[in-house]
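Please keep the structure in view while reading.

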Amino acid sequence: MGSSGFSFKLADHPKLPKGKTVAVVVLDGWGEAKPDQYNCISVADTPTMDSLKQGAPERWRLVKAHGTAVGLPTEDDMGNSEVGHNALGAGRIYAQGAKLVDLALASGKIYEGEGFKYINECFENGTLHLIGLLSDGGVHSRLDQLLLLLKGCSEHNAKRIRVHILTDGRDVLDGSSVGFVETLENELAKLRERGVDAQIASGGGRMYVTMDRYENDWDVVKRGWDAQVLGEAPYKFRSALEAVKKLREEPKANDQYLPPFVIVDENGKPVGPIFDGDAVVTFNFRADRMSMVAQALEYESFDKFDRVRFPKIRYAGMLQYDGELKLPSHYLVSPPEIERTSGEYLVHNGVRTFACSETVKFGHVTFFWNGNRSGYFNSELEEYVEIPSDSGITFNVQPKMKALEIAEKTRDAILSRKFDQVRVNLPNGDMVGHTGDIGATVVACKAADDAVKMILDAIEQVGGIYVVTADHGNAEDMVKRNKTGQPLLDKNGNIQILTSHTLQPVPIAIGGPGLAPGVQFRKDVPTGGLANVAATVMNLHGFEAPSDYEPTLIEVVDN
């Protein structure tokens, strides 16, 4: 019985046996696109993934991994690892991230919530500071949401507002920062006309200032803290537009890596440090690159770097960034309530589970898979193994990452016969793809393919079943393209590298000696997405999925 007297008992599948070891392998950032020189997956030597695709056609297909299929607002919204693993694990589609924020802004609910009431108390005498990524990329934040929030806050009595911008160049074109700053400045000018003292106070590039993740490099957060809170930075400018234009003139300058700067008045004084009595909102909706700065803003005791001073502020995130740490404790928009995930059901039905990845994606096969919930459902039936990721280097330096180690641990778990499900994430395609290094990404894809082979070989030995899929695209297209699909060139005639995720579908393949004869992908779920995978996996364990889950992708035909 669950906590509310709810029964997690699953019905037996009428045609599929229990007791087979099922390996669920998620290739991160591995979409399906036409082969060309910028498709690192097709360029790479990937015999294992090729053989799955070229094998039985009824055991390989594509599923959607972006947009509405994973709870995002539109089909122009690329998927990401968090919403992807939420969908894979939950078996249902929940409104996510940007969509939750859109709904709260459109309905005005955001201004009625506890989080807004909490910061609102500072508006009378303090400054409202908004910190986040200035971009329309839709992965971490969206410019239109920031503009709506500025308007709404000013209508709810914010008299003095300071915006601390982080330039993108990763999810959007490098150089687009200039246009985004112009758009923001125009809106702030309108607010000033209405008597609101509103201006940009500081800035820097997202990969060098504030937006580190997984405690990779706290110096990144410190550079942001110094500029945003202390008003100290190596560069000082009278306007953000001047700052971004000037800093982009440096050789090799890139929006992702702009150095920190502060805006100063005519006397050289910073216009917007953060002081006692101020309110602070981090307006990104995606969690992974906000939780470190959230710790610095929220925690009284904090030892990651010297904050110099810790102002008594009221801080809220756009969303709660870490459900386990309850961080931040105040947020403007409440998270989706994800319950009854497939992992919870299976453990309640005696399925012994092993999950493994390296640090950068370990949370995805555990926390996100389990509905934004940390820890075990039943520590006697589950084992989660985290392999430390390389730190202090960019991932293109060691593109094989920890794929081999993940595969070895998983192989050993399979051969131990102690587990009914082994679940892994191989991060290479995504993490190396994000660096924009095509050669390294090709190496990364081969490393992931080698890892898949090791896992499938182990499944072969124990007579098990495999499900190989992905969470979203990345490595399959490394170049920006025009409307007709031709690579875009910059003014020097060089191709424009694509470092972001994509809108491509992802493969899913099933097989293994334990797969019952007659199991094949159905033809009547053409628009299937990641959320359909959970019911599929439950079936392969010998269970029917709950009735409100997205339908399974498989059927059993009598031969």
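The points below are grouped by topic. The model is a predicted one. A search of the whole structure finds 33 salt bridges, and the structure holds four cavities of 30 Å³ or more.

**Salt bridges**

- Side chains of opposite charge can pair when their charged atoms come close.
- Arg-340 and Asp-548 form a salt bridge in which the closest N and O atoms are 2.3 Å apart. This pair links distant parts of the chain, 208 residues apart: Arg-340 belongs to the loop between strand 10 and helix 11, and Asp-548 to the loop between helix 16 (533-540) and strand 17 (554-556).
- Because Asp-420 lies in the loop between helix 13 and strand 13 (421-426) and Arg-352 in the loop between helix 11 and strand 11 (353-358), the pair ties together parts that are 68 residues apart in sequence.
- Asp-420 is buried, its relative accessible area being 13%, while Arg-352 is partly exposed at 30% relative accessibility.
- Asp-255 meets Arg-248 in a salt bridge of 2.8 Å, N to O. Asp-255 counts as buried, at 0% relative accessibility; Arg-248 is partly exposed, with a relative accessible area of 25%.
- A network of salt bridges links Glu-82, Arg-213, Arg-286 and Asp-288.

**A buried aspartate without a salt bridge**

- Asp-278 is placed in the loop between strand 7 (261-263) and strand 8 (279-282).
- Asp-278 is buried but has no salt bridge. The nearest side chain of opposite charge is that of Arg-160, 5.7 Å away; the pair is not a salt bridge because that term requires a side-chain nitrogen of Lys or Arg within 4 Å of a carboxyl oxygen of Asp or Glu.
- The side chain of Asp-278 does reach the backbone nitrogen of Thr-127, at 2.9 Å.
- Once its neighbours within four places in sequence are set aside, Asp-278 is in contact with Cys-122, Gly-126, Thr-127, His-129, Pro-273, Lys-312, Ile-313 and Arg-314.

- Arg-340 has a positive phi of about 55° although it is not a glycine. Its position is in the loop between strand 10 (331-333) and helix 11 (342-348).
- Met-401, another residue other than glycine, has a positive phi near 45°. Met-401 is found in the loop between strand 12 (382-387) and helix 13 (403-415).
- Met-401 is buried, with 7% relative accessibility. Apart from neighbours within four places in sequence, Met-401 contacts Glu-358, Val-360, Asp-390, Phe-395, Pro-427, Asn-428, Met-431 and Val-432.
- Met-401 and Thr-21 are separated by 380 residues in sequence and by 26 Å in space, C-alpha to C-alpha.

**Helices and their surroundings**

- Helix 8 (residues 218-228) is mostly covered, eight of its eleven residues being buried. These buried residues are Trp-218, Val-220, Val-221, Gly-224, Trp-225, Asp-226, Ala-227 and Gln-228.
- The elements covering the buried residues of helix 8 include strand 3 (128-134), strand 4 (160-167), strand 5 (197-205), strand 7 and helix 10 (291-298).
- Asp-217 caps the N-terminal end of helix 8, with a side-chain oxygen 3.0 Å from the backbone nitrogen of Asp-219.
- Thr-366 lies in helix 12 (residues 359-368) and is buried, with a relative accessible area of 6%. Not counting residues up to four places away in sequence, Thr-366 touches Ala-355, Arg-373 and Tyr-384.

**Cavities**

- Rolling a probe the size of a water molecule over the atoms shows where empty space is left.
- The largest cavity has a volume of about 60 Å³.
- The lining of the largest cavity consists of Val-139, His-140, Arg-170, Asp-171, Arg-206, Arg-213, Arg-286, Arg-289, His-434 and His-501.
- Arg-213 and Arg-286 are among the residues lining this cavity, and both also take part in the salt-bridge network with Glu-82 and Asp-288.

Terms used. Residues numbered from 1 in each chain as written. Predicted model: local features only at pLDDT ≥ 70, side-chain atom pairs only at ≥ 80, totals over all residues. Heavy atoms only, no water. Helix = DSSP H or I, 4+ residues; strand = E, 2+ residues; numbered from the N terminus. Buried < 20%, exposed > 50% of the residue type's maximum accessible area, 1.4 Å probe, protein only. Lys, Arg positive; Asp, Glu negative; His and termini not counted. Polar contact = N/O pair within 3.5 Å; in protein donor to acceptor, adjacent residues only side chain to side chain. Contact = heavy atoms within 4.5 Å. 1 Å grid on protein atoms, 1.4 Å probe; cavity = no way out; pocket = protein on both sides within 12 Å on 5 of 7 lines; lining within 4 Å. Points joined across faces, edges and corners; volume = space filled by probe spheres on them.
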